[in-house]
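I opened the model to see how it is put together. These are my notes, in the order I took them.

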Amino acid sequence: MTSISNPISFNEHMWVIEMRRSLNEEVEEDNEVPVNIFNVPKALMANKPDCYVPQEVALGPFHRLRPELYEMERYKLAAAKRAQKNVPEVNFESFVDQLTMHETRIRACYHRFLRCNGETLAWMMAIDACFLLDFLQVYAVKSGRAITKASSKMMTHLVDYAGTKSAHNAILRDMVMVENQIPLYVLRKLLEFQFSALDEADDMLLLMLVGFGEHLCPFPMTYLSDQIHVEEQAHLLDFLYNLIVPSRLKETCEVEVVIEPENEDDEPNENKERSSPESNYVQQLFLMIWDMLTALAQSPISLLKLPLFSNPVKFIMKLPWENISKLPGFSIFYQNKNPENSNSNSNSNSDSNSNSNITKPPLMEEISIPSVSELCNSGLRFLPTNGSISSTTFDPKTATLYLPTVSLDVNTEVTLRNLVAYESSNASGPLIITRYTELMNGIIDTEEDAKILRERGIILNRLKSDEEVANLWNGMSKTIRLTKVPFLDKVIEDVNKYHNGVWKVKAGKFMKRYVFGSWQLLIFLATISILLLMMLQAFCSVYSCPRTFRVPQDQ
């Protein structure tokens, strides 16, 4: 894949000139411009690259030189000519000159060093901005306001006012990709040439952005117009992220947690408590069998009691088998003693302990929470809310899990994946969207789980089937950095606590741990029983068992 930063075309002399010019140049703004356009982390890119690499149009410098995207260049030029016609009194090159003056600010937005000169970068930004505004004005037309009356004939098969054409959706997906962003500052500058006042330009841009957000945001829009400030948005993806995760939600998650010092003496006690139920269970079982054998006084059993009560057998019974079983060669008899330690979907105790300290990341990618089907079987209900991710709550009194309504269509997977990638690269606090996708990935395992949530009104499925919904969430388990979000972790902890407290779940776990999980012990007991029966049969074939055991015979 070629790009504008291809190492083959690297020019050392131009690099030195660029470095010298950048160091000698005065800083434009009082405050430094934060980096907000990143490369997708390799761990995410390797999972599903088509969701992060533009397929129709290249915006910005990262994918400019890809040959398969050259076709869209003529549409960009048509949009630039259209912008020139709308403002005939202003020369288009004057806008390019304005961007050249702000070259440092534009470069500062990109995480990657851009190996193109200032004039090339300015023309690139200007033409891409014209294309974006020509495309985004669809949403201004819907509200009765637009810069122009209609799109050009060349753009009719790309721009769809109903949003149903495949090309329209393909361009929308490219517009939300992390590596395919240009600073929103450039769009504002372009609109300043078309409006007499900056406020009017910002109002028009806000109108376009809101329509863009309503079309792509998978959650209900619960914003207020006075809460959205265009000048604070870095680019289109950043605007969409701020719609889903507003600043007030970020502030509530970034709480200071006081961690109580742990008592080192408590840890051994906890380990003893954890191992005591299993060791007590085995010990009680042997004692019960021992008491039954001791109570018998019949002659064949008496013969068996002689070796069983011998000193070597007593010595063997008193050995610390729990420690011996951990030695090489003996571990096979102990490996399935507690199978839940290797099962992420049923390990609620470790999840509860980890959730008590939000400074430590989760121990696994797949979130520890039962699936929707399992929760329904334990009596838990699901109800939708019209809020954002922050409306995710659990009511233990009514056993109801409230989840925000999420709309899934052909654009949702690309949107969510790039929001997760942007959040992992830009967010300094908890990864809220990432944690939400982990939650949905945890409770949706099969097509049946997706069907239940669709019937409850939580998932609005605009895909072909419930199976596609399950595949969408299950395919998003790969995250770049695991984190904890207090309000979501509290929901997970409460749901696990309720689920594990149901008697059916307790009985199932008891059977799994002490019956199915102790199959070696059961095989051993069955073998001993068979040997005892064979010895009894051999004895009865030589001696008369009814007479020996004084069993009355039928006449």
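I started with a strand pairing: Thr393 stands opposite Tyr402 in strand 3. Strands here are DSSP E runs of at least two residues, helices are H or I runs of at least four, and both are numbered from the N terminus. I count two strands as paired if DSSP finds at least two bridges between them.

Ground rules next. Residues are numbered from 1 along each chain as its sequence is written. The model is predicted, so local features need pLDDT of at least 70 and side-chain atom pairs count only at pLDDT 80 or more, while totals for chains, interfaces and linings use all residues, and side-chain values use heavy atoms, with hydrogens and water left out.

**Entry: the sheet**

I traced strand 2 and strand 3, which pair in the antiparallel sense over three bridges. Their hairpin has four residues between the strands, and Ala399 takes a positive phi near 55 degrees. On the other pairing, strand 1 runs parallel to strand 3 (residues 400-404), with five bridges joining them. There I found Arg381 opposite Thr400.

The order in this open sheet of three strands is 1-3-2, and the pairing is mixed. Strand 1 (381-385) and strand 2 (393-395) are the edge strands, each pairing on one side only. Neighbouring strands are turned by 25 degrees against each other on average, direction ignored; the axes are lines fitted to C-alpha atoms.

Is strand 3 largely enclosed or open? It is largely enclosed by the rest of the structure, because four of its five residues are buried. Buried means under 20% relative accessible area, exposed over 50%, and partly exposed in between, with a 1.4 Å probe and protein chains only.

**Entry: whole protein**

Of the 555 residues, 44% are buried. The protein exposes about 30,000 Å², and carbon and sulfur atoms supply 56% of that; the areas come from the Shrake-Rupley method with a 1.4 Å probe.

I then looked at contacts (heavy atoms within 4.5 Å). Among those between residues at least 6 apart in sequence, 73% join residues at least 24 apart.

**Entry: the core**

Which residues touch the most other members of the largest nonpolar core? Met175 and Trp473 do, in a core of 113 residues. Such a core is a set of buried Ala, Val, Leu, Ile, Met, Phe, Trp, Tyr and Cys residues joined through side-chain atoms within 4.5 Å. Helix 6 (residues 118-142) gives the largest share, 13 residues.

I listed the contacts of Trp473 beyond four places in sequence; among them are Val406, Leu408, Tyr436, Met440 and Ile459.

**Entry: helices**

Helix 10 (residues 236-244) is largely enclosed by the rest of the structure, because eight of its nine residues are buried. Among the buried ones I noted Leu236, Asp238, Phe239 and Tyr241.

Helix 3 (residues 73-86) has 14 residues and reaches 20 Å from first C-alpha to last, close to the 20 Å expected. That expected span is 1.5 Å times one less than the number of residues. Buried residues in helix 3 include Tyr75, Lys76 and Arg82.

**Entry: two single residues**

Asn471 lies in helix 21 (residues 466-474). It counts as partly exposed, because its relative accessibility is 47%. Its C-alpha is separated by 9.7 Å from that of Ala450, 21 residues apart along the chain.

I found His499 in helix 22 (residues 486-501). His499 is buried, with a relative accessible area of 9%. Beyond four places in sequence, His499 touches Pro370, Glu374, Leu375, Ser378 and Val505.

Technical notes
Axes are lines fitted to C-alpha atoms, for helices over the stretch in contact, and angles run from 0 to 180 degrees between N-to-C directions.
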